[in-house]
Amino acid sequence: MHGPSAGPGPAGLRFLGQEEAQAIDQELFTEYKFSVDQLMELAGLSCATAIAKAYPPSSFTTSQPAVLVVCGPGNNGGDGLVCARHLKMFGYQPTVYYPKRSSKPLFEGLTTQCKKMDIPFLPEFPTEAAFIDELYGLVVDAIFGFSFTGAVREPFGSILSTLERVTVPIASIDIPSGWDVEKGKADGLQPDMLISLTAPKKAAMHFTGRYHFLGGRFVPPALQEKYALNLPAYPGTDCVLQLT
Amino acid sequence: MPGPRALLGLGLLAAAAAARAGGRCPERGWSWGRGWNRSWGRERGWNRSRGWERGRCLPRRAMHGPSAGPGPAGLRFLGQEEAQAIDQELFTEYKFSVDQLMELAGLSCATAIAKAYPPSSFTTSQPAVLVVCGPGNNGGDGLVCARHLKMFGYQPTVYYPKRSSKPLFEGLTTQCKKMDIPFLPEFPTEAAFIDELYGLVVDAIFGFSFTGAVREPFGSILSTLERVTVPIASIDIPSGWDVEKGKADGLQPDMLISLTAPKKAAMHFTGRYHFLGGRFVPPALQEKYALNLPAYPGTDCVLQLT
């Protein structure tokens with residue numbers, strides 16, 4: 001645990017603090033003039049691609065490759081909606097639970113896109129972990145991301161309690177939901193997969209699941225250098241990179 | 001973990017094998033199957049000079065049934081109005097934003113280019129690519145493509161003479177500039193200058209909405225491009241071509257990346273590489289228009305048709 005890299009993964013790869021992650025995000029929008037639409041599309045596509053690499057449809061024991069995508073109220077939820085849509089294009093059967101919906105046009109658009117792709121939206125969350133295990137071969141955790149601070153508001157507290165008892169694999173987008181973005185949460189969600197977007201955050205140092213992917217292949221080289229991200233090279237034209 | 005070049009090679013082989021579905025040439029009675037070794041082209045040899053006719057079912061293709069075109073059985077080639085109708089439906093009914101679909105389209109183009117012309121295949125000292133962007137959405141696709149080519153290790157340069165003032169396009173231009181992608185102040189005056197400096201040209205001038213006469217400066221640009229000898233990759237429609245009838249004396253690109261579904265002009269395409277991109281068409285829309293798109297391989301955002 002020495003030097004600037006103090007973390008697992010390729011030598012030199014940096015694990016970001018919360019403020020750094022927020023600063024990089026802001027710079028992508030204000031300096032580089034990316035739109036949220038663009039980056040969210042690439043982020044969600046990365047998540048679906050990583051999931052497809054680690055959990056191909058043939059690996060599901062459910063009769064269909066059924067996936068439950070749980071979307072939170074903010075951008076992490078938006079990433080989940082994009083991910084759900086691409087999972088459908090890849091041959092999965094996603095179902096979305098999206099209890100606190102943003103009224104921003106971007107999110108209304110993403111929701112419509114999913115519905116028009118015949119992706120069901122559950123009216124309520126399964127009450128028992130066993131029901132989730134029965135119906136789905138994978139859960140995508142798209143509840144909270146790198147902006148998360150403080151207490152978890154309902155209904156997400158109950159949802160996370162249930163997810164903590166689920167036995168099918170959980171794939172978390174960017175930060176395992178409920179974890180402190182830097183310190184993790186020892187008694188919190190234990191996902192099997194983490195897809196770090198842009199660069200891993202310090203919470204990822206506490207990740208003990210099988211699959212850690214990097215996604216969000218859109219960080220301009222100048223920004224990578226400015227923050228000394230030391231990202232390893234993505235293979236060819238892949239939009240994801242398997243770190244572990 | 002295998003190196004990037006090996007993975008890219010595997011990806012190329014997998015895409016080609018998957019896309020090269022078996023079929024029959026109804027007029028000539030012979031058939032071709034999956035894989036390289038049964039390809040007609042293999043017997044003729046891969047000749048990299050321009051104008052070589054690929055050894056497949058030769059230009060007088062069977063024109064029966066809904067498929068009336070080359071490529072996988074049943075794949076439909078769209079008329080201009082249909083293409084515009086599908087585009088409109090994606091925005092008005094499915095509520096996609098232009099940002100989203102343009103990002104996926106441009107990413108497809110860069111990915112297809114990387115599969116067909118990997119950086120190692122360039123004879124220029126750097127994998128230098130000239131991206132020529134028109135005034136509309138095809139130009140926007142080109143700007144997105146240029147940015148992803150840069151991420152993939154190419155050295156793109158953009159020529160974008162008639163810039164849209166819409167925020168989307170201003171954003172795309174800024175993104176390119178902040179990635180140190182140069183924007184030429186003027187177009188190279190001679191085809192030979194382009195051949196000298198670049199290993200590939202991306203034609204992102206006109207797309208499926210193109211009708212009528214070509215306005216300057218694009219007429220002169222296309223004249224120059226028609227004399228270029230390095231490969232040209234056209235986004236969606238070879239620029240200057242009628243979207244349905246083609247243009248026999250027009251641009252002859254080496255690659256065509258059809259977005260969403262191929263347009264009828266693609267039936268007149270004689271270059272080496274025809275890719276499908278824009279993997280975002282919801283199944284219900286594919287069915288409504290009977291697109292009969294072949295399956296994309298795995299999670300790839302492009303599908304090699306020929």
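**Backbone exceptions and a cavity in a predicted model**

With 56% relative accessibility, B:Asp180 counts as exposed, because the cut-off for that class is over 50%. Good morning. The structure before you is a predicted model, and I shall begin with this residue.

B:Asp180 lies in the loop of chain B between helix H6 (167-178) and helix H7 (191-197). Its phi is positive, near 60°, although the residue is not glycine. To place that in context, most residues other than glycine have a negative phi, and most peptide bonds are trans.

Is A:Asp174 buried or exposed? At 4% relative accessibility, A:Asp174 is classed as buried, because buried means under 20%. This residue sits in the loop between strand E4 (170-173) and strand E5 (193-197) of chain A.

I turn now to the peptide bonds. A:Glu154 and A:Pro155 are joined by a cis bond, with omega about 5°. A:Pro155 belongs to the loop between strand E3 (138-142) and helix H6 (156-164) of chain A. In chain B, the bond from B:Glu216 to B:Pro217 is cis, and omega is near 5°. B:Pro217 is placed in the loop between strand E5 (200-204) and helix H8 (218-226) of chain B.

Finally, the cavities. There are three of 30 Å³ or more.

Note on methods
Residues numbered from 1 in each chain as written. Chains lettered and ligands numbered in written order. Predicted model: local features only at pLDDT ≥ 70, side-chain atom pairs only at ≥ 80, totals over all residues. Heavy atoms only, no water. 1 Å grid on protein atoms, 1.4 Å probe; cavity = no way out; pocket = protein on both sides within 12 Å on 5 of 7 lines; lining within 4 Å. Points joined across faces, edges and corners; volume = space filled by probe spheres on them. Helix = DSSP H or I, 4+ residues; strand = E, 2+ residues; numbered from the N terminus. Buried < 20%, exposed > 50% of the residue type's maximum accessible area, 1.4 Å probe, protein only.
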